[in-house]
Amino acid sequence: MMDKKHFLLESVTVSSKSIAYSIDKLLSGMIVAAKINNFYAAHEIESIVDNCNHIGFRWFDNLSLGYIGVSISEHLSMPNGKSEYFDRISKVYMNLDIIFGRHNNPKDKLLNFLKNSFSCGIAFDANYQNFYAPGIIEAQMKGRLIHIDGSRQPSVLPGCKPINELSVVLYLQAPEKGGELQIFNKEEEPSDRYREVTFEPNEREKLLEQICQNRENILIQPNAGDLIIFANCYYHQVLPSEGQKYRIAYLTSIYSIDSNLVIWV
C-alpha cells in the first residue's frame, strides 16, 4: 500500500522523458497521479470536439451519458460475444482517425512518448488476430460515483495477470463547473466488501462513501487538453458537471504485463 507521503499528484510538461519518468514513478508507487499539461493544444481540442459531435455519441440515461467507441466489457452483453466486439473494432479505429486525425491519435501520441523507455503496444488477441479498442470517448453530466477501475478484465488476455494498472483520461471539453476527478488515499481491500452481489446499488454506494469518508484526497480539474494518468487501484469518483456543457474525455488504460506496457480499454 502506498505510504501517505507518496500520495502525490505530479504535474509535468509534454516530453518523452518527463512522461516516461512519470509512468515509471506511477508503476513504482512513488506518485498516485500525473498530469501532463497541454497534451493537446487549444486549437487541436476545438477541432476534436467538433469532430466528436459530427460522429455522434451513443446516448444513455436520458442524455446524461454518451459514448463514441466500444469497451471490451461490452462483449459480455453482445449476442455473439467477442466475435461481434471485434467486428466493430475497424469502425472504432476509423472514427478515432476522423476525430483526432490519422497522425494525431492519442494512443499513437502516447506510444511515441513511451517507446524509447518501455516495450509497449496495443493489446492484441491471438485467437481473433485483432487488436483491442485503444480508447473510448465519453460525454458525461452526472459524474460517476466512487469506484475502482483496477482488475476489471483479468481474463481477457489468457495467462496474463497485470502487475499494475493505470487509468488514462484526456480531457477534451470541460463543463462550466464541476466534473473534477477525485482520488482518495484508499486502496481496495477484501474487507471493504463492496463487491458483494448481495448489496443493493444504494447500499453499495453508502458503503463506498463510508470507506472513503475523511480520507485524504486529490482533486483534479478537467482542463481541456490535459492528460491525466493515475493508479486506478485507488478509490475515485467523477463529480457531477454543472451548466450546459458536457465533460468530454478520451479514456483508456495502461497495463504492466511481463515488463511490457499494454494499452486498451
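Predicted model: local features only at pLDDT ≥ 70, side-chain atom pairs only at ≥ 80, totals over all residues.
Student: How is the packing of two helices described?

Tutor: Two packed helices are described by the angle between their axes and the distance between the axes. In this model, the axes of helix α2 (residues 42–55) and helix α3 (residues 81–100) come within 8 Å, and they cross at roughly 140°.

Student: Which word describes how α2 and α3 lie to each other?

Tutor: The two helices, α2 and α3, are oblique to each other. An angle over 145 degrees would be needed for roughly antiparallel, and the crossing here is roughly 140°.

Student: Which residues make the contact of α2 and α3?

Tutor: On the α2 side they are Ile-48, Asn-51, Cys-52 and Ile-55, and on the α3 side they are Asn-95, Ile-98, Ile-99 and Phe-100. Sorted by class, the contact of α2 with α3 has six nonpolar residues, two polar residues and no charged ones.

Student: How do the axes of α1 and α4 cross?

Tutor: The axes of α1 and α4 come within 8 Å and cross at roughly 85°. Helix α1 is therefore roughly perpendicular to α4. In this contact, Ser-16, Ile-19, Ala-20 and Ile-23 in α1 meet Asn-112, Phe-113 and Leu-114 in α4. The residues of the contact of α1 with α4 divide into five nonpolar, two polar and no charged.

Student: How can the length of helix α1 be checked?

Tutor: The expected span is compared with the distance between the helix ends. Helix α1 covers residues 16–28, and at 1.5 Å a residue its 13 residues should span 18 Å. The C-alpha atoms at its ends are 18 Å apart, which agrees.

Student: What follows α1 in the chain?

Tutor: Gly-29 follows α1, and the phi of Gly-29 is positive, near 85°.

Student: Which residues of α1 are buried?

Tutor: A residue counts as buried under 20% relative accessible area. In α1 the buried residues are Ser-18, Ile-19, Ala-20, Ser-22, Ile-23, Lys-25, Leu-26 and Leu-27.

Student: Is helix α4 mostly covered or mostly uncovered?

Tutor: Helix α4 (residues 106–114) is mostly covered, with seven of its nine residues buried. Those buried residues are Pro-106, Lys-107, Lys-109, Leu-110, Leu-111, Phe-113 and Leu-114.

Student: Where is Asp-192, and is this residue buried or exposed?

Tutor: Asp-192 has its place in the loop between β12 (181–187) and α5 (201–212). Its relative accessible area is 8%, so Asp-192 is buried.

Student: How far apart in sequence and in space are Phe-86 and Tyr-128?

Tutor: They are 42 residues apart in sequence, while their C-alpha atoms are 7.8 Å apart in space. Phe-86 lies in helix α3, and at 7% relative accessibility this residue counts as buried. Not counting residues up to four places away in sequence, Phe-86 touches Asp-125, Tyr-128, Asn-130, Phe-131 and Tyr-132.

Student: Where does Asn-130 lie, and what does Asn-130 contact?

Tutor: Asn-130 belongs to strand β7 (residues 130–131). With neighbours within four places in sequence left aside, Asn-130 is in contact with Phe-86, Ile-89, Ala-123, Phe-124 and Asp-125. Its relative accessibility is 23%, so Asn-130 counts as partly exposed. Asn-130 and Asp-87 are 43 residues apart in sequence, and 9.7 Å separates them in space, C-alpha to C-alpha.

Student: What is the phi of Asp-61, and what is the phi of Asn-214?

Tutor: Asp-61 has a phi near 50°, a positive value in a residue other than glycine. Asp-61 is found in the loop between β3 (58–60) and β4 (65–68), and with a relative accessible area of 42% Asp-61 is partly exposed. The phi of Asn-214, also a residue other than glycine, is positive, near 65°. Asn-214 is found in the loop between α5 and β13 (217–220), and its relative accessible area of 78% makes Asn-214 exposed.

Note on methods
Residues numbered from 1 in each chain as written. Heavy atoms only, no water. Axes fitted to C-alpha atoms, helices over the stretch in contact; angles between N-to-C directions. Helix = DSSP H or I, 4+ residues; strand = E, 2+ residues; numbered from the N terminus. Parallel < 35°, antiparallel > 145°, perpendicular 65-115°, else oblique. Contact = heavy atoms within 4.5 Å. Nonpolar A, V, L, I, M, F, W, Y, C, P; charged D, E, K, R; others polar. Buried < 20%, exposed > 50% of the residue type's maximum accessible area, 1.4 Å probe, protein only. Expected span 1.5 Å × (residues − 1).
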